[in-house]
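Please look over the sequence and the structure shown here before reading the briefing that follows. The points are grouped by topic, so that each can be checked by eye.

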Amino acid sequence: MESSNTQNNTYAKGLEGVIAAETEIGFVDGQEGRLVYRGYDISVLSENSNYEEISYLLNFGKLPNRKQMTEYLEQMRANSEVPQDTYDLIQTYGKKAHPMVTLRTVISNLASYDPRESDSSIENQKRIAISIIAKMPAIVGAIHRTILGKDILKSRSELSYAGSFLYYALGRNPDPVETKIMDTALMLHADHGMNASTFSALVTISTLADIYSATTSAISTLKGPLHGGANERALKMIMDIGSPEKAGPYLEAMVARKEKIMGFGHRVYKVYDPRAKILKKYASYISEKSDKKSIFETANKVEEIMINKLGEKGIFPNVDFYSGMIYYSMGLTPEIFTPIFALGRISGWTARSLEYLQNNKLFRPKALYVGERGPKTYISIQERQ
Ligand code: CMC
């Protein structure tokens, strides 16, 4: 960790190791390779639960009983209708913008239909959270259809959260196995400690801005290749490699150019990312079923070489390495992979923003000034060299 102590203030580059908030929502154990949502291990949740339950667990503090689940699903249903203007905006952005640009714009734009967006009471912000979560499957699905040049499906889906997304994105009813795999991927992406996009959301909500703004900040932050953008790039790299035999020379060349291998490494995990472990199993299954087995075999070879080379430095596959392969095998195009990350992470962003708001303190760190202190003499522009 790069840090220094200046005048009793500790400076940590990239805020590495700095604790910025208290939370009861989730915990990442980077040494043991565990991810916990409100005390439940992700491996247990991903086997037994579903995205809707996890969304409730993160946002409301405990797993819902049957009545609470029915009410939550009803609230989601009542809020799931996407305004026609949102669809128009998605079509205006069409193929010319990256789907993450379209997504952040349409989420930001939803606030313009909400006369109560700036009422920062917890109850009102919770209402906004549910409204955004409920619309995400149709919005991300519509963005996928648009970049493929296909019609948007507007008739309301009665399927699950994951199933609805697949229906809106693919234009057909998904089979139960595809739905289970997508549901698992969304559960695994729902929350992950103080990652960059969550931190962004918290900084925004700490100003008493609203959940639309916090979500827009988070989506913008997720877009980058060091965060959510890695899944799209990881798959493109595997496809570019083409076959397991070519993986060695390809990776050698990347390492020689000091390029980062997308889908590997993590700020917190120094062991195998528990999410990647679960996704690898599904990637193997679905790539074989959909005739994309060679992509999985190439990825497996990349993993083997990378672990041999960099495993002792604590660099292992992360969640982004196998997720893209799963989505691609389902017929989804790589540009939509990062919006799918957002589709899962939305519940974590809202939960953490609401939690922070209940015990709010404006984020206002300091910067270490390393410029000249002066005072310098001001020279007018006419006399300046
Ligand atoms: N490929 C090659 N070398 C790597 C990689 C990688 N993917 N990741 C880290 N390293 C090396 C890095 O070059 C450095 O080496 P040295 O000490 O010799 O200079 C050392 O490991 C530490 O790397 P760092 O970038 O300073 O460490 P960090 O904690 O800032 O890195 C990371 C975390 C995720 C930004 C980085 O591992 C990375 O860029 N990975 C590729 C992008 C990626 O897959 N991102 C998705 C992260 S998981 C999804 C999410 O939660 O957002």
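Which of the 18 residues around the ligand come nearest? In this predicted model, they are His227, Lys260, Ile261, Gly263 and Arg267.

**The ligand and its surroundings**

- Ile261, which is one of the residues that come nearest to the ligand, places a backbone N or O atom 2.7 Å from a ligand nitrogen atom.
- Phe264 has a polar backbone atom that lies 2.8 Å from a nitrogen atom of the ligand, whereas Asn318 uses a polar side-chain atom, which is 2.9 Å from an oxygen atom of the ligand.
- The ligand exposes 930 Å² when it is taken alone, and the protein buries 69% of that area.

**Helix 8**

- Helix 8 runs over residues 176-189, and its 14 residues reach 20 Å from the first C-alpha to the last, which is close to the 20 Å expected at 1.5 Å a residue.
- Helix 8 is mostly covered, since 11 of its 14 residues are buried, and among them are Glu178, Thr179, Ile181, Met182 and Asp183.
- The buried residues of helix 8 also include Thr184, Ala185, Leu186, Met187, Leu188 and His189.

Definitions and conventions: Residues are numbered from 1 along each chain as its sequence is written. This is a predicted model: local features need pLDDT of at least 70, side-chain atom pairs count only at pLDDT 80 or more; totals for chains, interfaces and linings use all residues. Side-chain values use heavy atoms; hydrogens and water are left out. Helices (H or I, at least four residues) and strands (E, at least two) are DSSP runs, numbered from the N terminus. The expected span of a helix is 1.5 Å times one less than its number of residues. Buried means under 20% relative accessible area, exposed over 50%, partly exposed in between (1.4 Å probe, protein chains only). A residue is near a molecule or strand if one of its heavy atoms lies within 4 Å of it. A polar contact is a pair of N or O atoms within 3.5 Å; within protein, one must be able to donate a hydrogen and the other to accept it, and residues adjacent in sequence count only if both atoms are side-chain atoms. Accessible areas come from the Shrake-Rupley method with a 1.4 Å probe; for residues, only the protein chains shown count as cover.
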